[in-house]
Amino acid sequence: MIQVIKSGQSAQAKATNQAQVRATVEGILADIEARGDTAVREYSEKFDKWAPATFRLTPAQIDQCIASLPQRTIADIKFAQAQIRRFAEIQKASMHDVEVETLPGVVLGHRNIPVNSVGCYIPGGKYPLIASAHMSVLTAKVAGVKRVIAAAPPFEGKPCPEIVAAMHFAGADEIYCLGGVQAVAAMAIGTQSIPGVDMIVGPGNAYVAEAKRQLFGRVGIDLFAGPTETLVICDDTVDAELVAVDLLGQAEHGPTSPAYCVTTSRKIAEALPAAIDKVLSRLDTAPVASVSWRDFGEIHLCETDEEALQVAERLCSEHVQVMTKDPDWYLQRMTCYGALFLGHRTNVSYGDKVIGTNHTLPTMGAGRYTGGLWVGKFIKTHTYQRVLTDQASVMVGEYCSRLCGYEHMSGHKEQADIRVRRLKAAA
């Protein structure tokens, strides 16, 4: 039997003032489309107190940012990017163009073609999320995207050197110090100084997420993103303090980030609240993480792994950390999640920052139908067909003609019939 030891807010209570967010974003997007750079500058000044002569950083400004960093920081960024590049290249190598003769004289195929231009948004207002530059810019370049531009807001009143360095080392073709909805809108819609792109990727706050939602269709996007989610599945092979650390490590993202513990250990379920308090006492981000745990933290006590799996599949969390005697049992059975972190030696932070997998992942149950960002998100698979012989065209055409007739689509039918008539006459 599944026992809920601690529950989060109801679905109704979880709902934010989405109507207000939607209306605000609609207004900003419309204004930027109408007034371009002028509107972008006004919103940047309003929200970020930032209005330089140009938002695009010059090579000299980029070099200055990099030169301000300790060599250890540069080495750490390059190490992380090497891991992410290596795995992305392996993923790309798994994708192949195909061509096959499916019937005598009928050739079908597909080509994998990178998107031509991508805009990468890197959050940097509350936390300078250096890793988001690796995950988006670098992955897009590995995929073969010709033009990759990157934007991040100012941090403490200036471009964040670490983010700028990460963008540059990842291969960004253009770097902008510009944040929020105005950055996403400028990249997607295009302005006098920022040519628009074909696709927007990257995480952000509720306003950035709403901007991507409203722009979807006009440009491609990676995912509809909600607050970060984490789920720890555990048993008596670990202790409550480790579980608490791993839950709060993601709860610090924001005060609405769900953190779930699903356990078969009554000992952990009962000890976890005190362990949470103990860990919070040593975190600088406790003011945020404590609110997230208070309002959106949950503890589910299950009797069996099968029950734990049932709860985990229903929650469909963005991050799922499995610390049990046999983590592979869950690997073989789980179908609804963003990414799995198997065993006590790894954790979500490794995946977020350095280990090589991508940290842009589905939230709000989207793991039921999509995975996270990877090179394949930047690559379009386009099909083609070729008919090599008159006989093949006549054979396919006769089938096609009858099928179009069943659907009462005379124009489609005539496309087949004219070829059948002409090719038979020429035979």
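The C-alpha centres of domain 1 and domain 2 lie 28 Å apart, and the bounds I use for them, 19–97 + 114–222 for domain 1 and 227–372 for domain 2, come from an automatic or database domain assignment. The contact between them, meaning heavy atoms within 4.5 Å, takes 15 residues from domain 1 and 14 residues from domain 2.

Please keep in mind that this is a predicted model, in which local features need pLDDT of at least 70 and side-chain atom pairs count only at pLDDT 80 or more, while totals for chains, interfaces and linings use all residues. Residues are numbered from 1 along each chain as its sequence is written, and side-chain values use heavy atoms, with hydrogens and water left out.

Together the two domains bury about 1100 Å², 60% of it on carbon and sulfur atoms, where buried area is the accessible area (1.4 Å probe) lost on putting the two parts together, summed over both.

Now, where does the second largest pocket lie? Because domain 1 and domain 2 both give residues to its lining, the second largest pocket lies between them. A pocket here is an open set of points on a 1 Å grid over the protein atoms alone, where a 1.4 Å probe fits, with protein on both sides within 12 Å along at least five of seven lines, and lining residues have an atom within 4 Å of a point. Of its 21 lining residues, F87, A339, L340, T357 and N358 lie nearest the centre.
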